[in-house]
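Open the model in your viewer and keep the selection panel at hand.

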Amino acid sequence: MGIAYIGDRFVGKTHLALELANPESNYVKVTYPAYNILKSELYSQEKEETISTNEITKIRQLDLQVQLPSGKKNLTLDWIDSSGENWRESWQQQNPQKWQIFLDTLKQSEGILLILSPYREIITVGNPEEFITHQQWCNRFERWGQFFQAQCPKLRHLLLCLNKADLFCDTQKEAKLLGYSPNGSELNWQQRNDHVFKRYFTPIKQQIRELNKNTEINSVRCFITTIKERRLLELPWLYLGTYLGY
Amino acid sequence: MGNIRVIGPREAGKTTYLSALASFGKKDKQFSVTPINDDSKKLLELAENILKGGERLEPTDAQQRVDEIPDYLFLIKGKKGLKNYKIDLNVKDYSGEIFEKLAQNNELDEKTQDYINHCLMKDVSGCLVMLTGWEKGEDRKYKKAFEHLIKLMDSRQRLKNLRLAIVMSKCERGEIWPGRIEPKTDLFSLHLPETKELLEETIPAKNLGFFAVSAFGVLGKNDPRPNRIDEVGRNGRQAVLRDTERWQPYNLLEPLYWLSGV
């Protein structure tokens, strides 16, 4: 089973995946590869940042254990990490074969996590100028929507992850509300999606509606993620865990 | 062993029905339903992890070959006055595409023929045909599918010896909930009269039953609002469970009990 992490450059794809492997987990445990090994491959201690993904598509095996209401479930997944570079049109034109290989890999994936950066107007921490504007963000998603409709109409699950949540919301408060427990949570998946969608994704509601209408995607679901709040970080994987492996 | 096939159009709620059955079988006052094999236990997991989590099940894979369809084995046991009663059921759930191809009335492709052959095998005791539409236009579509199915049953000498449980699913919907008590009269005669007439003309009365079921149920005895929320999805609106705590399906067992021929 393939799960792909995709997104533009510098949205935090690799860091998000790396932190998932952190052993200080709640209900999602990465049993292979070990966090330290992964960290040595993906993180530069010197620069204190993740190392940019050089290869266009890097496929790693990821063994996960997710704790669901019915019990623990082990999943072996192909984690497809992709460089943000390949979303540039110039790159696609210069590397048609590599682009096609990448598309083929994506089409075979059961789930895609599209990592999105927040837009300037919602940033409350740090320098908002480092982020694209609301309008640019909507335009960019419009292109994502067209891409999924054209290239991945048979995808099973598309998870939209608005990353770096610590820069635009009170992550403690959101995690308390959205947090998951296999023994019963405050909100169910539908309610979580409604909350996140209404609060953070309404600028692109039309595009999401189009995706639901024009593709066979079973679910397009919205999440907020950050490496700084484990409860939010685990949610997309718990969601996928409920569906995969049957 | 009662071999049962479940067919019906896409989104009729076939797998959701079986999943609810696996999950709620223990709670029925007269019977217990126990999932026996890995496939049927997976149905239980789907109910626990997905339906109770406020999500919907994925559609059954239309690409799978007939030999890839899971076998759902259930043991049904009577309780109280029915203690000696025990049946083993082997249920197979087909993708909705099969039924829709019947409705198109064209020559069937090889895969659909495999499915039909499998569905009408000699050791199959009955089919649970799950329908969901009651709106104008649905009756004609269903009638076409049954005309085709009846021809195929006849060609395989199954017209007089195969039970058909015609089930209106999702009867928690406000428009049809009041008709659940007498589904033959208040649902099928009213909303699907041509289909009903065709079936009554061609299938022996002892082999034809009309039922109403609801995998989600309503919010309570004194609160008949459907325990479902509709959300926008593929093919229009799709329902998910509204309140897990108050989940109480309606009448899941009756059609299977009847099909088992006891």
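Select chain B. Its secondary structure comes to eight helices and 11 strands. This is a predicted model. How does the radius of gyration of chain B compare with the globule rule? The value is 17 Å, close to the 18 Å that the rule gives for 262 residues, so chain B is as compact as a globular protein of that length.

The C-alpha atoms fill a box of roughly 45 × 40 × 35 Å. Colour by burial next: buried residues make up 43% of the 262 residues in chain B. Now show contacts with a separation of 6 or more. In chain B, residues 24 or more positions apart account for 76% of these.

Next, select residues 38-51 of chain B, which form helix H2. Check the span. Which residues of H2(B) are buried? Show Ser40(B), Leu43(B), Glu45(B) and Leu46(B), then Ala47(B), Asn49(B), Ile50(B) and Leu51(B).

Now bring in chain A. The contact takes 15 residues from chain A and 18 residues from chain B. On the side of chain A that touches chain B, select helix H7 (189-201), helix H8 (205-214) and helix H9 (230-243); these elements each give two or more residues. H7(A) supplies the largest share, three residues. Finally, colour this side of chain A by residue class: five residues are nonpolar, seven polar and three charged.

How values were computed: Residues are numbered from 1 along each chain as its sequence is written. Chains are lettered from A and ligands numbered from 1 in the order in which they are written. This is a predicted model: local features need pLDDT of at least 70, side-chain atom pairs count only at pLDDT 80 or more; totals for chains, interfaces and linings use all residues. Helices (H or I, at least four residues) and strands (E, at least two) are DSSP runs, numbered from the N terminus. The expected span of a helix is 1.5 Å times one less than its number of residues. A residue is buried if 20 or more other C-beta atoms lie within 10 Å of its own, exposed if 12 or fewer, and partly exposed in between; C-beta atoms are placed from the backbone. The radius of gyration is taken over C-alpha atoms; the globule rule is 2.2 Å times the number of residues to the power 0.38. Two residues are in contact if their C-beta atoms, placed from the backbone, lie within 7 Å. Ala, Val, Leu, Ile, Met, Phe, Trp, Tyr, Cys and Pro count as nonpolar, Asp, Glu, Lys and Arg as charged, and the others, Gly among them, as polar.
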